[in-house]
Amino acid sequence: MHGGYDVSKVDPATAVEMEFVDRDGSKRTVLAPEGASVLDVAHANDIELEGACEGSLACSTCHVYVDEDTYGKLDEPTDDENDMLDLAFALKENSRLGCQVVADRKTTEKMEITLPQATRNMAVDGYVAKPH
Amino acid sequence: MAGKQMTPSDVVEARSDTPGTRSVIHFNNAGAALMPQPVLDTVGEYTELEAYKGGYEAAAAAKNKIDAVYQSIAGMLSCSPDEIASVENATRGWDYIFYSLPFSAGDVVITSETEYGSNVTSFLQMKRSRGVLVEVIPNDPSTGVLDVSSLSNAVATLGKQAKLVAISHIPTNNGVVHPAEKIGSICREYDIPFLLDACQSVGQLPVDLGQIHCDALTATSRKYLRGPRGQGFLYVNKQGHFWDLEPMYLDVRSARNDESSPSGYQVLPGAIRYENFERSYANWLGMGTAVDYACKWGLDVIERRICFLAETLRRRLEDEVKGTTVTDYGDRKCGIVSFTIEGVEGADVKAALAKEKINVSCSKASSTPFDMRKRKLSSVVRASVHYYNSEDEITLLIEALKRLR
C-alpha cells in the first residue's frame with residue numbers, strides 16, 4: 001500500500017510534528033508516525049512529492065531540503081543516497097532524499113521540509129511512474 | 001590603502017568558488033570575468049526551471065527573487081530599486097538614454113579624451129544626423145585624470161548649448177579612474193545632464209550614488225561584477241533629467257495603452273520605462289547573485305585586493321620584462337593594467353600567452369580613439385586583474401612574457 005499508513009490512525013501521543021513548505025511558499029504542519037519516511041508522510045497527507053522509484057534509491061524525485069538544525073542531527077546519507085542526490089535539481093548543502101529521512105522523536109521533532117521548485121524525472125531502468 | 005583586507009584563506013575560498021581558475025589564468029576581467037559557482041548555479045537552475053515549468057510560469061514562480069535583484073543593485077549603489085532597469089547590455093542601456101534625447105543642431109555633447117569607441121561612434125552619428133557638436137575634455141597632465149577645471153570652463157562657456165556630459169568612469173584601455181564625484185558636482189552646479197558609463201567600475205570599486213551625482217549610470221553584468229554575458233542594468237536618477245524622458249522605444253512593459261490620453265498611450269513612471277517585456281530572467285537572476293556575491297566580500301575589500309595585484313603586476317612588468325612600457329596613467333588607478341612590449345605586436349603577445357592558457361586582451365586604437373591617436377599607439381596589451389587572481393598567476397604571466405623576447 002503506497003504511503004503505508006492512514007492519517008486518521010496516527011497516534012498524537014507518539015507522533016512527530018513535521019512542517020512542509022510547498023513550492024509556492026505555503027506551509028502545512030502534519031503529524032508523522034515514528035519510522036515513516038518524509039516521502040510516506042507527504043503521500044499520506046496529499047503533499048505533492050514524487051517518488052518515482054518508490055523509495056528504492058533509483059531516482060532523485062523525492063529530493064527535499066531539510067532545515068539546518070535537523071539536518072545536522074540526521075545520520076549521514078549513504079553512498080547510494082549521495083549518488084542519487086548528485087542528480088537532483090538545485091542541490092544544496094541541506095538536500096536529502098525524502099525516502100531516506102524518517103520521522104524520529106529524538107531527532108526530527110518540528111523538522112521543516114522545503115520542496116524544491118522542480119525535479120529531474122529521468123526514467124528509471126525504463127520504469128515510468130504511474131499516477132497514484 | 002587602509003582598511004579590511006582579503007586574507008590568504010579568503011583568496012583560497014574565492015578561487016575555489018571560481019571553477020575557471022582550474023583551467024585558465026584569466027587576466028581578461030575587463031573583457032569578461034570568470035563567473036563564480038553561485039552565479040553559474042543560478043543561471044543553470046533557472047534555465048532548467050523554465051524547461052520544466054514553462055518560461056512564463058517559471059518567471060511567475062520566481063517573482064520575489066526577480067524583484068529582489070532590483071533591491072540588491074540599489075543596495076550596492078545606494079539608490080532606490082525603482083531607479084534601476086534591466087537592460088540587455090550596458091550599450092543598449094546607454095543608447096536608450098542617448099538616442100532618446102531631443103538633440104538639435106548646435107547642441108554640444110561633452111566627453112573625455114579616453115571615451116569608449118562605441119560611445120564616440122554614437123556621438124559621431126548624432127553629429128551627422130542632427131548636427132550635434134562634440135567637445136573633448138583632456139586629461140590633466142599632472143594628475144593623469146580628466147581635467148576638471150577644463151570641464152568647468154567648457155560648461156561655463158557653453159552655457160545652455162551644453163546638453164550632455166557623457167563620460168566613462170574607467171576607460172577600456174587604461175587603469176585610470178576618473179573623478180566621477182567631481183564631474184558630477186560640476187554637472188549639478190551647471191544643471192547639465194550627466195550620463196556615466198560605469199562598465200569597468202561597477203564590481204571593482206565602491207560606486208556610491210550618494211557621492212556621485214549623475215542623471216544615469218550604465219553597467220554590465222559580465223565584467224568586474226562577474227555575472228553572465230548578455231545582461232546589464234541602467235540607473236536613472238529620480239531627481240534627474242532622464243526620469244521623465246520619453247524613451248525612443250516603447251513596448252508593453254514600458255508603456256500602456258490609454259485611450260483617455262491625447263497620444264493614446266502612457267509611459268510608465270520610473271526606470272521601468274527603459275525595460276522591455278522580453279528579457280533573460282536567467283541572466284538577470286545570475287547578475288543578482290553576482291551583485292550579492294560581490295557585496296558579501298565588500299566592494300572596498302575587493303578594490304584593495306585588486307589595486308594591490310595591479311600595482312604588483314605594473315611594478316614587475318617594468319622591473320622584470322625588458323622592453324615593456326606600462327601605459328597606465330592617473331593619480332588613482334584600478335585593476336586594468338595596460339602595456340606595450342617593444343618589438344612585439346599586442347595581438348602577438350595575446351596569441352603567445354593564449355598558448356599557455358593565459359588570457360589577456362589586446363585593446364585596439366579604435367576602442368579609445370582620441371586617447372590612442374594622441375599617444376600614437378595602435379594597440380596596448382591589457383591584463384586586467386580581479387580579486388580571485390593570485391600572485392602566483394602574476395608570476396606565471398611575467399615568466400611567459402619574458403620568454404617572448
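**Exercise 1. Which residues of α6(B) are buried?**

Work from the predicted model. Describe the helix, then its buried residues and what covers them.

*Solution.* 
- Step 1: locate the helix. α6 of chain B runs over residues 117–130 and has 14 residues.
- Step 2: check its span. From first C-alpha to last, α6(B) reaches 20 Å, close to the 20 Å expected at 1.5 Å a residue.
- Step 3: apply the cut-off. Buried means under 20% relative accessible area. The buried residues are B:Gly117, B:Asn119, B:Val120, B:Ser122, B:Phe123 and B:Met126.
- Step 4: find the cover. The elements of chain B over these buried residues include α5, β3, β4 (133–137), β5, β6 (194–197) and α12 (369–375).
- Step 5: look past the end. Just after α6(B), B:Gly131 has a positive phi of about 75 degrees.

**Exercise 2. Is each partner of the B:Arg314 and B:Asp328 salt bridge buried or exposed?**

*Solution.* 
- Step 1: take the distance. The side chains meet at 2.7 Å, N to O.
- Step 2: B:Arg314 lies in helix α10 (residues 299–320) of chain B. B:Asp328 lies in the loop between β11 (324–326) and β12 (336–341), 14 residues apart from B:Arg314.
- Step 3: classify. B:Arg314 is buried at 5%. B:Asp328 is buried at 11%.
- Step 4: Salt bridges with shared partners join B:Arg316, B:Glu320, B:Glu399 and B:Lys402 into one network.

**Exercise 3. How many salt bridges does the structure hold over all chains? Work through the one between A:Lys110 and A:Glu17.**

*Solution.* 
- Step 1: The structure holds 25 salt bridges over all chains.
- Step 2: take the distance. The closest N and O atoms of A:Lys110 and A:Glu17 are 3.6 Å apart.
- Step 3: A:Lys110 is in the loop between β4 (95–97) and β5 (111–114) of chain A, and A:Glu17 is in strand β1 (residues 16–21). The two are 93 residues apart.
- Step 4: classify. A:Lys110 is exposed at 57%. A:Glu17 is partly exposed at 29%.

How values were computed. Residues are numbered from 1 along each chain as its sequence is written. Chains are lettered from A and ligands numbered from 1 in the order in which they are written. This is a predicted model: local features need pLDDT of at least 70, side-chain atom pairs count only at pLDDT 80 or more; totals for chains, interfaces and linings use all residues. Side-chain values use heavy atoms; hydrogens and water are left out. A salt bridge is a side-chain nitrogen of Lys or Arg within 4 Å of a carboxyl oxygen of Asp or Glu. Helices (H or I, at least four residues) and strands (E, at least two) are DSSP runs, numbered from the N terminus. Buried means under 20% relative accessible area, exposed over 50%, partly exposed in between (1.4 Å probe, protein chains only). The expected span of a helix is 1.5 Å times one less than its number of residues. Contact means heavy atoms within 4.5 Å.
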